[in-house]
Amino acid sequence: MVSAVHGVPIWERTARITLCIFGFLLSVYALHVELSREKNPEYRALCDLGDSVSCSKVFTSRWGRGFGLVQFFVSKDSALNQPNSVLGILFYTLQLGLGLSVSKRAAFFLVFSSWVSVAGSLYLACVLTIILQDFCVVCVSTYIVNFALLFTNLKRSRGLKEAKEKTG
């Protein structure tokens, strides 16, 4: 029998906390790089390893804010056109907070928001490779975290369904 805290298996709790903290830190770093590069165009981030391996090039591109799509609906400088990293900070905070609840509604929202994050990751991965022709270590790391969170959330949802079936 797997130990659980408040009905959540220990492995899931550990995985969620680890993934959310890692994703949160990656997002904060991405925001730092973008803001630093905006203030100083000569700024060189630790993740800038070469011409085709540059996270600051990606973060400061049009796709670094609002997925490159929001600016078609509002001005480029609008408060609604936030850096993708801000969305990441909100997403990982939400995943961590909702992960504390074992309700069916929370599980649904965790899975739904994870699917949205994976769709966004796939879109941005295509932009990264096809349009920008760059490799971004921070970006790819967040994609991996998003896929791992989806797996974790699907396991939780399945576990809740199985528990409900056992109890009737």
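**Ground rules**

I note that this is a predicted model, in which local features need pLDDT of at least 70 and side-chain atom pairs count only at pLDDT 80 or more, while totals for chains, interfaces and linings use all residues. Residues are numbered from 1 along each chain as its sequence is written, and side-chain values use heavy atoms, with hydrogens and water left out.

**Overall layout**

I then turned to the secondary structure of the protein chain, which comes to five helices and four strands, where helices (H or I, at least four residues) and strands (E, at least two) are DSSP runs numbered from the N terminus. Read from the N terminus on, the elements run β-β-α-β-β-α-α-α-α. The C-alpha trace spans about 60 × 35 × 25 Å along its principal axes, and of the 168 residues of the protein chain, 39% count as buried.

**Salt bridges**

Side chains of opposite charge can pair when their charged atoms come close. The structure holds six salt bridges, and one of them is formed by the side chains of Arg65 and Glu34, at 3.1 Å from N to O. This pair links distant parts of the chain, since Arg65 is in the loop between α2 (55–59) and α3 (84–98) and Glu34 is in helix α1, 31 residues apart. Glu34 is buried, with a relative accessible area of 2%.

I found that Arg65 also meets Glu38 in a salt bridge, at 3.4 Å from N to O. Here too the pair links distant parts of the chain, with Glu38 in helix α1 and Arg65 in the loop between α2 and α3, 27 residues apart. Glu38 is partly exposed, with a relative accessible area of 46%.

I next checked Asp48 and Arg37, whose side chains meet in a salt bridge at 4.0 Å, N to O. Asp48 lies in strand β3 (residues 48–50) and Arg37 in helix α1, so the pair ties together parts that are 11 residues apart in sequence. Asp48 counts as buried at 6% relative accessibility, whereas Arg37 counts as partly exposed at 25%.

**Cysteines**

Counting bonded cysteines along the chain, I read the pattern as 1-2, 3-4. Cys20 is in no disulfide, and the nearest cysteine sulfur, that of Cys139, is 19 Å away.

**Surface patches**

For the surface I kept to patches made of residues with over 30% relative accessible area and no salt bridge, in which like charges are joined within 9 Å and nonpolar side chains (Val, Leu, Ile, Met, Phe, Trp, Tyr) within 5 Å. Lys104, Lys155, Arg158 and Lys161 gather in a patch of positive charge, where Lys and Arg count as positive and Asp and Glu as negative, with His and the chain ends not counted. The place of a charge is taken as NZ of Lys, CZ of Arg, CG of Asp or CD of Glu. Helix α5 (residues 137–167) gives the largest share of the positive patch, three residues.

I also noted a nonpolar patch on the surface, formed by Ile17, Ile21, Phe24, Leu25 and Val28, with about 390 Å² of accessible area together, the areas coming from the Shrake-Rupley method with a 1.4 Å probe, and for residues only the protein chains shown count as cover. Leu25 has its place in helix α1 (residues 10–39).

Methods. A disulfide is a pair of cysteine sulfur atoms within 2.5 Å. Buried means under 20% relative accessible area, exposed over 50%, partly exposed in between (1.4 Å probe, protein chains only).
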